[in-house]
Amino acid sequence: MKRIILKVMLLAFLCISILSCKKDDSGPSFQEENFLDGYLTTTGFNQKVISFVNSGTYEFGLEFTPLVKGSITSLRVKLPDTNPSLRITIWDKVAVAIIKTEIFNVVAANTVYDIDIVDLPLVKDREYAITMSSNDWYNREKTDGSNTTYPVSIGNIKINKYIYSDGATQVYPLSVGVRYYAGDLSFNFLQQQ
């Protein structure tokens with residue numbers, strides 16, 4: 001009799017365990033990533049840094065391609081001076097069209113800011129750009145002053161080139177630089193299924 005009760009209890013326990021197990025359909029969990037440190041190291045632009053403050057306004061940043069489907073979850077910037085109206089723009093490079101513009105108050109110099117935005121979906125293998133309009137920036141070069149070679153892939157983001165234009169007008173920068181990078185501007189990216 002004890003064996004029958006034990007078998008029934010064991011069978012009941014197994015049934016409850018099986019029924020309470022839920023299949024996880026959420027898929028893999030991805031980590032948020034930021035390419036800037038890897039980009040600076042790979043290009044050698046982390047070797048020599050000069051701060052420029054009140055040095056003329058430029059629109060400058062990076063053309064990039066996401067290697068997977070994902071979203072920009074926040075923008076990241078660091079300046080050597082304060083700026084009450086830093087303009088950051090995400091562009092569709094192919095259409096040369098503005099996708100998103102954010103104005104941000106940089107209240108402290110030499111401080112990294114993560115600027116929360118509504119997640120901005122990016123299409124795999126589509127070309128985009130991120131630029132800022134500022135008269136303050138860190139100019140980064142190799143110690144030997146040599147050029148870098150593009151593209152540079154860091155995680156799921158391929159950096160195609162550094163771009164810039166003179167002036168405060170919000171226009172797509174057409175000049176290309178390979179001997180230096182002026183920034184620091186990037187974004188946090190989260191891969192999606």
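Which residue in strand 8 is the bridge partner of Phe60? The partner is Met132.

**Confidence**

The average pLDDT of the protein is 90, and 86% of the residues score at least 70. Residues 17-24 have a pLDDT below 50, and this stretch makes zero contacts in the model beyond near neighbours in sequence. Where pLDDT is low, the predicted coordinates should not be read in detail.

**Strand 3 and its partners**

Strand 3 covers residues 58-66. Eight of its nine residues are buried, so the strand is largely enclosed by the rest of the structure. Strand 3 pairs with strand 8, residues 128-134, in the antiparallel sense over seven bridges. Strand 3 also runs antiparallel to strand 11, residues 157-166, and nine bridges join these two.

Leaving aside residues up to four places away in sequence, Ser133 touches Thr57, Tyr58, Glu59, Asn83, Leu86, Arg87 and Ala168.

**Helix 2**

Helix 2 spans residues 36-43, and its buried residues include Leu36, Tyr39, Leu40 and Thr43. These four cover an arc of only 95 degrees around the axis, which places them on the same side of helix 2. An α-helix has 3.6 residues a turn, so residues three or four places apart point the same way. The face turned away from the buried side carries the exposed residues Asp37, Thr41 and Thr42. After helix 2 comes Gly44, with a positive phi near 85 degrees.

Four strands form an open sheet in the order 1-14-4-7, with antiparallel pairing. Strand 1 (33-34) and strand 7 (113-122) stand at the edges; each has a single partner strand, so one side of each is left without a neighbour in the sheet. Strand 1 pairs with strand 14, residues 185-191, over two bridges in the antiparallel sense. Within strand 14, Asn188 is the bridge partner of Asn34.

**Aromatic pairs**

The whole structure holds 15 aromatic pairs. In one of them, the ring centres of Phe64 and Phe187 are 4.8 Å apart and the planes stand at 45 degrees, so the pair is tilted. This pair links distant parts of the chain, with Phe64 in strand 3 and Phe187 in strand 14, 123 residues apart. Phe64 counts as buried at 0% relative accessibility, and Phe187 is buried with a relative accessible area of 0%.

In another pair, the rings of Tyr162 and Tyr180 have centres 5.3 Å apart and planes at 65 degrees, so the arrangement is edge-to-face. Tyr162 and Tyr180 are both buried. Ring pairs also link these two tyrosines with Tyr39, Phe45, Tyr150, Tyr164 and Tyr181 in a cluster.

**Salt bridges**

A search of the whole structure finds eight salt bridges.

| Pair | N to O distance |
|---|---|
| Arg76 and Asp114 | 2.7 Å |
| Arg126 and Asp92 | 2.5 Å |
| Arg140 and Asp184 | 2.8 Å |

Arg76 and Asp114 meet in a salt bridge. Arg76 lies in strand 4, residues 70-77, and Asp114 in strand 7, so the pair ties together parts that are 38 residues apart in sequence. Arg76 is partly exposed at 26% relative accessibility, and Asp114 is partly exposed with a relative accessible area of 42%.

Arg126 and Asp92 also form a salt bridge. Arg126 is in the loop between strand 7 and strand 8, while Asp92 is in strand 5, residues 83-92, 34 residues apart. Arg126 is partly exposed at 32%, whereas Asp92 is buried at 10%.

A salt bridge likewise joins Arg140 and Asp184. Arg140 lies in strand 9, residues 137-141, and Asp184 in the loop between strand 13 and strand 14, so the pair ties together parts 44 residues apart in sequence. Arg140 is buried, with a relative accessible area of 11%, and Asp184 counts as buried at 6% relative accessibility.

Technical notes:
Residues are numbered from 1 along each chain as its sequence is written. This is a predicted model: local features need pLDDT of at least 70, side-chain atom pairs count only at pLDDT 80 or more; totals for chains, interfaces and linings use all residues. Side-chain values use heavy atoms; hydrogens and water are left out. pLDDT is the predictor's confidence in each residue, from 0 to 100. Contact means heavy atoms within 4.5 Å. Buried means under 20% relative accessible area, exposed over 50%, partly exposed in between (1.4 Å probe, protein chains only). Two strands pair if DSSP finds at least two bridges between them. The arc is that of the directions from the helix axis to the C-beta atoms. Rings of Phe, Tyr and Trp (its six-membered ring) pair if their centres lie within 6.5 Å; planes under 30 degrees apart count as stacked, over 60 as edge-to-face and the rest as tilted. A salt bridge is a side-chain nitrogen of Lys or Arg within 4 Å of a carboxyl oxygen of Asp or Glu.
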